[in-house]
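Good morning. Please have the sequence and the structure open while I talk, and I will go from the whole chains down to single residues.

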Amino acid sequence: MLRDLPWLPPTGPAFREELRALQAEAQGTPAANFVQRVIALATAAADETQLTRLAKLARDIVCRDDIVGLDRIKLGVLGDGTLSLLGPAIAGSALRHAAAVQVVEGDYSRAVQEATDPESALRRAGLDMALVASDGRLLGLDRAAEDADAAEARVAAAFQRIRMIVEGLRPAVRGAMVVQTVVPPLEPLFGSFDRLEPGSPFAMVDALNRRLADWARDGGVVLADVARLAAAVGYEAWDEPRHWHASKLPFSPALLPVYGDLIGRTIGAIMGRARKCLVLDLDNTLWGGVIGDDGLAGIQLGQGSAAGEAFLAVQRLALELRSRGVVLAVCSKNEEDAAWSPFREHPDMLLREDHIAVFQANWTDKAANLRAIAQALNIGLDALVFLDDNPAERAQVRREIPAVAVPELPDDPALYPRTLAAAGYFEAVAFSKEDRERAGYYQANAKRAASLQATGDMDSYLASLDMVCSIGPVDPVTRPRVAQLINKSNQFNLTTRRYSEAEVAAVEADPRRHAIQVRLTDAFGDNGIISVVIAETGHDAWEIDTWLMSCRVLGRRVEEAVLAHLAAAARQAGAKALVGRYAPSAKNRMVAEHYDKLGFERVSEGPDGSVSYRLALTRWVAPNLPMRVEDRALAVAEPTA
Amino acid sequence: MGAVSLSRDEILREITEIMRDVFDEDDLQVSPETSAEDVEEWDSLSHVRLIVAIERKFGFKFKNSEIEGLKNVGDLVNTVATKVG
């Protein structure tokens with residue numbers, strides 16, 4: 001059942017012992033693989049008691065500033081009812097999404113007061129994110145309204161109350177404001193007519209949730225769809241009146257683990273940790289049987305058998321994920337030709353050659369193949385999900401590469417799609433045109449890589465790409481993609497500073513800051529926006545606060561085009577130098593020498609490995625680059641104040 | 001729960017294990033006289049977790065009227081016994 005998080009393995013007998021060991025290290029000296037072991041321990045179907053213990057470990061981790069590899073997040077939780085059980089469930093679950101969360105809980109029944117009082121503990125807590133958990137029973141939506149107008153007033157008032165909490169708290173929260181949808185009542189009042197009668201509690205909650213969705217669509221908040229989760233596990237399991245009557249618990253505490261995972265994965269997605277690539281095993285995962293033994297005619301796939309239909313459903317889900325930007329890869333123990341044959345020749349296959357970005361079919365172990373896939377796509381191992389029906393293969397991969405997500409699967413293949421989907425590995429908090437086309441980009445990139453091998457000469461290869469680099473200011477149209485890049489880029493990211501969409505908007509409007517987005521097209525297609533730079537326009541020197549780039553366009557000399565732009569814009573404003581900083585993280589070692597390569601001088605180095613750089617502009621000359629540059633951000637560079 | 005009924009001793013043993021887990025105290029000594037006052041970690045929140053864990057272990061759900069009157073572990077064992085004994 002989904003409530004038991006079937007995609008996660010059971011906690012196992014060594015859970016408490018390993019937890020105690022990690023706790024001792026968290027309070028003393030963490031081992032080299034500490035973070036990896038924390039995430040691995042949390043990646044199991046922990047119950048509410050185990051989650052409470054994991055939450056304590058998370059708190060110990062948040063208190064230290066020397067542990068790299070987990071996002072440290074102070075999360076405010078406020079809203080309706082008794083929320084005290086939610087915090088530990090969220091913090092314990094968030095560890096499996098690489099977030100160490102410390103929850104600051106609002107006082108019981110004082111959400112509006114605390115959010116709007118500038119002196120409240122919540123406002124002064126230094127929150128990174130906040131979660132607002134509302135309940136229809138305390139928003140006045142559990143009693144019917146007498147007509148459509150009264151219903152509209154009731155819904156508007158409930159929405160206003162949530163808005164007041166969010167907007168009151170927002171100035172005191174560094175990052176995202178997450179708002180839960182409201183769970184509708186299970187009990188019918190009119191019956192089927194509840195849906196038609198605007199005054200019914202059911203219809204009013206539905207109307208409120210639609211307003212919350214509109215608000216999230218406009219970028220105001222991030223939605224956590226608890227109402228949908230409640231429907232998935234069943235409203236009857238979710239809503240236990242005895243717990244509400246006794247302690248104002250908003251839902252059955254038996255569902256704390258599945259709730260905690262939803263919020264934990266939402267936090268992970270906001271921090272850019274949603275997975276990007278689904279790697280598929282073949283035999284008994286995408287079709288029934290073993291292609292090497294059964295041949296094309298013998299595998300079960302498609303019309304004619306229930307088993308065949310089940311495997312088609314797995315392929316269908318993979319295709320759907322691909323169409324929303326998840327990259328597909330294959331990793332199978334098979335002869336390559338045999339493995340390819342269904343993709344090329346089976347009439348019922350939905351997945352075809354074109355859909356797979358990287359295809360690893362050989363007799364090498366799967367862990368090595370997964371590493372090869374990550375390398376070929378230039379993404380981290382923690383961006384992969386591996387789907388395999390074989391428990392032994394799953395266990396081997398989990399042991400060898402804990403960073404790869406490997407869902408447990410039930411015995412019945414008919415439930416594979418549901419289990420994979422419910423796990424939420426690819427949870428989205430935004431969706432852009434670039435996302436939709438991402439899978440295609442990776443395929444085009446693979447073609448480009450093949451082209452490079454053919455020409456052999458880097459310069460003539462780059463010139464042959466007919467690259468056009470468009471530099472422009474950040475504006476409302478480009479803002480969502482810019483914010484997405486800012487929050488998802490981990491490797492080519494000099495300072496890993498995260499900005500919410502609202503904060504990006506503030507940067508756009510700030511005359512003391514210069515923000516640009518860079519787009520790259522070439523002969524194979526449009527890569528979209530692939531680089532973002534934000535600089536503070538000081539009088540004498542411009543200080544680069546954010547410089548990031550998509551790894552898709554490494555080796556194209558785009559960063560040199562960006563530098564040329566920054567130098568020109570800074571000169572235009574009268575500045576004499578550019579100042580840059582490298583702040584090391586667990587993932588950005590690739591840019592440790594970025595500024596050195598661009599000709600900056602090292603000014604100072606910090607004990608944490610950070611480096612400050614300076615480039616004097618008086619004698620710096622821009623190089624010739626193998627691309628056409630269209631710069632629309634020079635004319636709008638503001639003179640320094 | 002299965003057709004086999006449990007003795008009060010067996011129930012007390014199971015509940016002791018659960019309490020040790022929920023209150024995170026491996027050596028917790030539990031007798032019928034034990035109450036929330038005797039266990040530092042036993043507050044209203046961990047009490048909810050205790051109830052959830054007992055319900056999951058024995059496969060039934062308490063009514064509020066059954067929980068409200070409980071004063072000590074002995075009362076708890078007796079109530080569980082009426083459900084599975």
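**Two chains, from outline to detail**

Let me start with chain B, which has four helices and zero strands. Along the sequence, its pattern reads α-α-α-α. Before I go on, please keep in mind that this is a predicted model.

How does the radius of gyration of chain B fit that of a compact globule? For 85 residues, a compact globule would be near 12 Å, and chain B has 12 Å, so the two agree. Taken along the principal axes, the C-alpha atoms of chain B fill a box of roughly 35 × 25 × 20 Å. Of the 85 residues in chain B, 24% count as buried. Now take the contacts in chain B between residues at least 6 apart in sequence: 64% of them join residues at least 24 apart.

Ile11(B) sits in helix 1 of chain B. Is Ile11(B) buried or exposed? The cut-off for buried is 20 or more other C-beta atoms within 10 Å. Ile11(B) has 24 C-beta neighbours inside 10 Å, and therefore counts as buried. Setting aside neighbours within four places in sequence, Ile11(B) is in contact with Leu6(B), Val77(B), Val80(B) and Ala81(B). As for Phe62(B), 51 residues from Ile11(B) along the chain, the C-alpha atoms of the two are separated by 15 Å.

Next, the other chain. Chain A has 23 helices and 17 strands. Its radius of gyration is 26 Å, close to the 26 Å that the globule rule gives for 641 residues, so chain A is as compact as a globular protein of that length. The C-alpha trace of chain A spans about 75 × 70 × 55 Å along its principal axes. Of the 641 residues in chain A, 46% count as buried. Among contacts in chain A between residues at least 6 apart in sequence, 74% join residues at least 24 apart.

Now the domains. Chain A is divided into domain 1 (69–270), domain 2 (277–423) and domain 3 (456–631). Between the C-alpha centres of domain 1 and domain 3 of chain A, the distance is 39 Å. These two domains do touch: the contact takes five residues from domain 1 of chain A and five residues from domain 3 of chain A. On the domain 1 side, the residues are two nonpolar, three polar and no charged.

What about the inside? In soluble globular proteins, nonpolar side chains tend to be buried together. The largest nonpolar core here has 163 residues, and those that touch the most other members are Ala58(A), Val101(A), Val279(A), Ala329(A) and Leu384(A). At least three residues of this core come from each of domain 1 and domain 2 of chain A. There is also a second, separate core of 49 residues, with Val474(A), Leu548(A), Ala569(A) and Ala633(A) among them.

Which residues does Leu384(A) touch, not counting those up to four places away in sequence? They are Arg275(A), Cys277(A), Val279(A), Leu370(A), Ile373(A), Ala374(A), Val404(A) and Ala405(A).

In helix 17 (residues 416–423), the buried residues are Tyr416(A), Pro417(A), Leu420(A) and Ala423(A). Seen down the helix axis, they fall within an arc of 135 degrees, so they line one face of helix 17. In general, an α-helix has 3.6 residues a turn, so residues three or four places apart point the same way. The cover over the buried residues of helix 17 includes helix 13 (306–323) and strand 9 (384–387) of chain A. After helix 17 comes Gly424(A), whose phi is positive, near 65 degrees.

The second one is helix 20 (residues 479–488) of chain A, which is mostly covered, with seven of its ten residues buried. Among them are Arg481(A), Gln484(A) and Asn487(A).

Last, where the two chains meet. The contact takes eleven residues from chain B and eleven residues from chain A. On the chain B side, helix 1 (8–22) and helix 2 (44–58) each supply at least two residues. Helix 2 of chain B gives the most to that side, with six residues. By class, the chain B side divides into five nonpolar, one polar and five charged residues.

That is the end of the tour, thank you.

Technical notes
Residues numbered from 1 in each chain as written. Chains lettered and ligands numbered in written order. Predicted model: local features only at pLDDT ≥ 70, side-chain atom pairs only at ≥ 80, totals over all residues. Core = buried A, V, L, I, M, F, W, Y, C linked by C-beta atoms within 7 Å. Buried ≥ 20, exposed ≤ 12 C-beta atoms within 10 Å, placed from the backbone. Domains from an automatic or database assignment. Contact = placed C-beta atoms within 7 Å. Arc of directions from axis to C-beta. Nonpolar A, V, L, I, M, F, W, Y, C, P; charged D, E, K, R; others polar. Rg over C-alpha atoms; globule rule 2.2 N^0.38 Å.
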